[in-house]
Amino acid sequence: MALAKILWVDDEIESLQSQKIFLENKGYEVQTLTNGFDAVEYVKDNIIDVVLLDESMPGITGLETLARIKEVNSSVPVVMITKNETENVMDEAIGSQISDYLIKPVNPNQVLLSLKKIIDNKRLVAEKTTTAYQQQFRNLFMALNSNPDYNEWMEIYKKLIYWELEMEKSDSPEMMEILASQKEEANTEFFKFVSKNYAKWVNPKSDESPIMSHNLMQFKVFPHVEKGTSTFFILIDNLRFDQWKAIQPMFAENFRILEEDSFYSILPTATQYCRNAIFAGLLPVDIEKQFPNQWKNDEEEGGKNLFEEDFFKGQLKRLKKDFKYSYTKVLNHHDGQQLVNNIHNLLNNDLNIIVYNFVDMLSHARTEMEVLKELASDEVSYRSITRSWFEHSPLNQALKKIADKNVKLILTTDHGSVRVKTPYKVIGDKQTTTNLRYKHGRNLNYENKDVLAFKDPREAGLPVPNVNSSFIFAKEDGFLCYPNNYNHYVNYYRNTFQHGGVSMEEMIVPLVKMASK
């Protein structure tokens, strides 16, 4: 079987017979054509691995042929062969996404090298990635079993994400499977770790706890705010660490990334708890005490995140900060366009808060809409949607408009999400909440091994919605279902992205500091 199928298009193809034979002897199948029209038709009807394309041909030129080939098959690699080293021809060709270019007269080894670079690149990357991960596997395994603390857990999770993204490039299903099972094992250990330590972390007397939602502003944001430089604190709702890595290159085009940090989201890893805690600088139990009219529990009517700015004012006052600040919340495309139009006016503030709700809408819609189930069926496609959204988003447009100004950016989120696969039965009364990754209610009935439970919510820094209410949080990739209509719900929600429970993906979230270049 041929190593790859090559289409060589050149009006003087007769003079290149020796080159064709050279490549065929190296194991390539080479089809030759003499003009651009035939080449475009051929690409329509045949699978080609690489096109070698002469730039100056009668009829339609190489550049025109290139454009038409890309219309038919945008992913086929094209190597432009040209007599012409003039800069504008090269610029045009490179702008049209050629994979390589060669200057005539071409040497057979030059062509071979170009083909190897294009065709073998994927295979070489895959082999290298697999070998490197095999070497790392043991280190990760040892790290998991050496009783890691909360800082080490953040490192373990970042390493797993690093390998997940590397594996995506290499496309090796076997290695992906091994990595997935290592990630599952890590989440099992992580659940035990959080179960053992969480109550201690949220105890105000504890001096041994990670930075979490409720002290994020005080320790990680306010120290960086200074008069005379505008700091933008951008919170993209429900953004996992791997999704940040997917959009990172677009930020890096316009900003210098100074520090890629992370922190722990509080439980439940759900918007109304985590985000309110970030802006209030308080645990939910204390927000309810200090803002009894604004705090709403799950089962109460009305929006649960309507008072973030009030909570934030309270935090500024409590910490005696007199920043000039703005607060912008983007819930839909119209809000996004307003942000684009208004972003220059924000440069006079010390601190600009932008809450962007896109990813959360996606993950909720993802559960409700079959179309999104198709679009985001796994982590790879979830990252891909996030990348595509950000690239075309008003947020990206707005940030580009201020990239040349002297600004700082702090990008973060309130919580992540996890793809759920394992159903757990829970029985509760009418008052029990409907969330899939956490529930609170009276007389909850569940298997202890399936959840992290707090009989007294105050131990977890949470308000007590009703007398005798307890909170339970799903572990790893579990989701909580009622026994009635059980199979329908299990099938409907399995493989959807949910949040509220205990997993690395939901709790260990990005915090990235950037500055203008």
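The following legends describe close-up views of a predicted model.

**View 1. Overall content of the protein chain.** The predicted protein chain contains 19 helices and 18 strands. Along the principal axes, its C-alpha atoms fill a box of roughly 90 × 55 × 40 Å. Of the 517 residues in the chain, 55% are buried.

**View 2. The second largest pocket and its lining.** Two or more lining residues come from each of helix 7 (173–201), helix 16 (379–392) and strand 11 (418–419). Helix 7 gives the most to the lining, with seven residues. By residue class, the lining divides into eleven charged, five nonpolar and three polar residues.

View 3. The side chains of Arg-383 and Glu-164 meet in a salt bridge with an N to O distance of 3.2 Å. Arg-383 belongs to helix 16 and Glu-164 to helix 6 (residues 150–170), so the pair ties together parts that are 219 residues apart in sequence. Both Arg-383 and Glu-164 are buried.

View 4. The side chains of Arg-275 and Glu-308 form a salt bridge at 2.8 Å, N to O. Because Arg-275 lies in helix 10 (residues 271–280) and Glu-308 in helix 12 (residues 308–318), the pair ties together parts that are 33 residues apart in sequence. Arg-275 counts as buried because its relative accessibility is 1%, and Glu-308 counts as buried at 1% relative accessibility.

View 5. A salt bridge of 4.0 Å, N to O, joins the side chains of Lys-475 and Glu-476. Lys-475 has 15% relative accessibility and therefore counts as buried; Glu-476, at 15% relative accessibility, also counts as buried. Elsewhere in the view, salt bridges that share partners join Glu-164, Glu-168, Lys-183, Arg-240, Asp-242, Arg-383 and Glu-505 into one network. The structure holds 30 salt bridges.

**View 6. A nonpolar patch on the surface.** Phe-137, Phe-141, Met-142 and Ile-178 form this patch, and together they have about 340 Å² of accessible area. Helix 5 (residues 108–144) gives the most to the patch, with three residues. Met-142 is placed in helix 5. Met-142 counts as partly exposed because its relative accessibility is 44%, a value between the limits of 20% for buried and 50% for exposed.

Conventions
Residues numbered from 1 in each chain as written. Predicted model: local features only at pLDDT ≥ 70, side-chain atom pairs only at ≥ 80, totals over all residues. Heavy atoms only, no water. Helix = DSSP H or I, 4+ residues; strand = E, 2+ residues; numbered from the N terminus. Nonpolar A, V, L, I, M, F, W, Y, C, P; charged D, E, K, R; others polar. Patch = residues over 30% accessible without salt bridge, like charges linked within 9 Å, V, L, I, M, F, W, Y side chains within 5 Å. Areas by Shrake-Rupley, 256 points an atom, 1.4 Å probe, with all protein chains shown as cover. Buried < 20%, exposed > 50% of the residue type's maximum accessible area, 1.4 Å probe, protein only.
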